[in-house]
Amino acid sequence: MRRLLILLLFCLVLAGGAAVTWQAMGQAKLVEEDLTTARVLLTRAGGVESGKLKDRLILKDRLTLLDQAEAHTLAAQQRLHGWPLRLIGALPLAGRDVRVASAVTSSATGTVRATRKVVTALQPLQTKPPTSASIKRASDALLGLHGTLKQDLEEVRAARPLITASTRDTYLEAANSASTTAERAGQGLKLAASLYGPPGMARWFLAFQNPAELRGTGGLIGEYGILESSPSGPKLVKIAHYTDLNERTDQGVLLPKQLIGRYERYAIGRDWSAVNIPPDMPTVGRLITELYKDTTGDEIHGVIAADPLAVAEILKVAGPIQAGGAWLDRDSVAEETLVRAYVRYERDNDARRAYLDEVARASFEAFRRALSTEPIELIRGLGDAARARHVQVYVADPAGQRTVTGLGLSGSAVAPATGDYLMPVGVNAGGNKLDAFLRRTVRWRVRLDEEGAAQATAGFTLANDGPSSGLPRYIIGPYDSDYQAGQNEQIATLYVAGGYGFTRATLGGQPSGAEAQADFGGLALTQQVGVQAKSTVTLGYELARPAAAERLGNDRLRYRLLLRPQATVRPDQAKITVEAPPGWRFSSLPATARTAKQSAIWNGTFDREHELLFELARK
């Protein structure tokens with residue numbers, strides 16, 4: 001009988017444990033559903049919308065969604081603090097996942113409350129012209145959200161999971177991304193607020209780049225402007241041709257040591273038509289800031305470089321502008337300013353410059369108009385332009401420069417510390433506008449061995465689709481007797497990772513000389529070549545590197561390649577081939593890549609930065 005009673009008691013304990021476990025599973029499922037619903041509501045409430053004002057969520061609707069989201073996170077917290085999850089959470093080992101869920105749920109509640117402040121602060125920026133006060137409120141709210149997420153992330157990291165490690169890691173990744181985004185947006189708005197203040201408190205150099213005559217950061221700075229702060233936002237107080245500055249520049253500024261060997265020959269420290277030959281915008285921004293002060297005596301706080309393809313994004317939102325008696329829209333502004341203006345004013349340079357000044361002023365007013373009425377669509381459009389480097393920003397203040405770097409606006413050309421790297425850069429040496437007709441293709445074939453070493457072959461093809469007659473000399477040349485009409489004279493550079501050794505160069509398939517210089521952390525391979533009208537030329541290089549791919553143990557390799565664009569009229573094309581070592585296979589490929597026998601092939605467009613990741617495993 002005693003043994004029977006013990007057995008019955010044991011069965012009751014098991015049954016009770018099963019009941020507790022069953023109830024705990026049900027409560028955990030409800031917690032999960034609450035958090036999922038809260039996440040959906042939070043996304044809808046916090047989403048920054050574009051479109052017509054009448055179609056957007058009003059503040060009241062957003063706050064209602066946030067109230068609902070908070071109700072669900074609080075319900076989840078209540079379930080976690082109730083029976084039986086609270087009891088399980090107190091257990092040293094079995095309670096780990098409950099404690100992780102509690103940390104995540106607490107973080108979700110804090111995020112909802114911080115998002116309420118962000119939504120309230122951002123709403124005026126979407127419905128009214130921005131002011132210094134409204135921008136600062138939005139900045140403070142975003143930085144507050146960043147602070148909340150940062151603190152919550154530490155608490156979630158401190159909770160040690162038992163079987164929910166992947167779920168916790170997914171949350172940490174998403175929350176960390178949201179925290180970084182909030183911080184960058186907050187710092188960006190803080191920077192923008194400086195242009196909404198006392199007149200002249202902030203002054204910026206606006207570089208109008210012309211990619212029809214290439215320079216390293218995009219194109220010749222044919223026109224420049226000065227932006228000044230005002231209580232109602234940035235004012236364009238001056239527009240002039242670069243020759244205005246050249247006439248006033250005397251000795252110029254001294255170049256840093258790292259620039260002298262490669263760039264002193266181009267007089268980038270004193271000639272405003274050459275100042276942006278280096279492809280690195282932070283370097284060019286510092287030069288412009290120093291040279292402008294040396295030339296004019298005036299201090300500027302930063303540099304904004306933009307070209308007609310960026311203006312097209314502005315007009316996509318703001319609508320057409322009028323200049324010179326004609327209407328320009330997003331589809332026509334690039335061709336009009338890069339080519340047609342030089343045809344229309346072939347015999348009157350002063351009239352052409354006056355026309356381009358008028359286009360620049362009208363474009364800036366369109367920017368201000370779109371900023372007041374459709375700020376989100378405008379920011380998205382300019383974001384697209386920035387990814388292709390048609391907009392680049394330099395800030396003299398180091399904190400501000402870190403902000404624009406985080407926002408992807410810095411235009412850096414510094415090679416990555418690890419992995420492989422390609423950046424094609426052209427500089428027009430013919431004094432014409434033939435880069436409006438230039439097509440470029442980069443071919444990269446790399447053969448890996450099982451230690452990660454690489455043998456690489458690079459091809460940089462320049463196709464000149466321009467004519468040799470029928471257009472003004474200002475467009476097709478020749479600038480002087482050294483060149484022919486329609487000849488595109490290029491200083492063509494292909495940047496690769498600094499670890500490569502250069503073994504051979506070709507031009508049109510024949511051996512040729514080339515410069516190989518360390519520059520911005522990479523290796524710059526340069527040849528100057530003249531491409532005649534309707535002709536194509538290919539520059540070739542053979543290279544070797546002992547550690548191009550990362551070894552992951554004895555049986556895996558990871559090959560990483562960063563493709564970085566130059567701001568050109570026509571985006572460059574890339575054709576990438578990676579050959580696996582004998583006895584190896586590709587285990588992971590970039591999107592759109594394909595395999596062919598022992599090779600992986602990726603073809604695409606240099607319309608933005610691409611990081612291609614190839615993983616290989618031993619068969």
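How do the residues of the lining of the second largest pocket divide into nonpolar, polar and charged? They split into 21 nonpolar, 11 polar and nine charged (Ala, Val, Leu, Ile, Met, Phe, Trp, Tyr, Cys and Pro count as nonpolar, Asp, Glu, Lys and Arg as charged, and the others, Gly among them, as polar).

This is a predicted model, where local features need pLDDT of at least 70, side-chain atom pairs count only at pLDDT 80 or more, and totals for chains, interfaces and linings use all residues. Residues are numbered from 1 along each chain as its sequence is written, and side-chain values use heavy atoms, with hydrogens and water left out.

**View A. The second largest pocket and its centre.** The space here comes to about 880 Å³. The lining has 41 residues, and E213, L220, G222, Y342 and K433 sit closest to the centre. (A pocket is an open set of points on a 1 Å grid over the protein atoms alone, where a 1.4 Å probe fits, with protein on both sides within 12 Å along at least five of seven lines; lining residues have an atom within 4 Å of a point.)

**View B. Who builds the lining.** Among the others giving at least two each are β1 (203-210), β2 (220-228) and α10 (308-318).

**View C. α11 against α12.** Helices α11 (residues 333-344) and α12 (residues 349-373) pack at about 150 degrees, axes 10 Å apart (axes are lines fitted to C-alpha atoms over the stretch in contact, and angles run from 0 to 180 degrees between N-to-C directions). That makes the pair roughly antiparallel (over 145 degrees). On the α11 side, E336, T337, A341, Y342 and R344 make the contact (heavy atoms within 4.5 Å); α12 brings R352, Y355, L356 and V359.

Conventions
Helices (H or I, at least four residues) and strands (E, at least two) are DSSP runs, numbered from the N terminus. Angles under 35 degrees count as roughly parallel, over 145 as roughly antiparallel, 65 to 115 as roughly perpendicular and the rest as oblique. Grid points are joined across faces, edges and corners, and a volume is the space filled by probe spheres set on the points.
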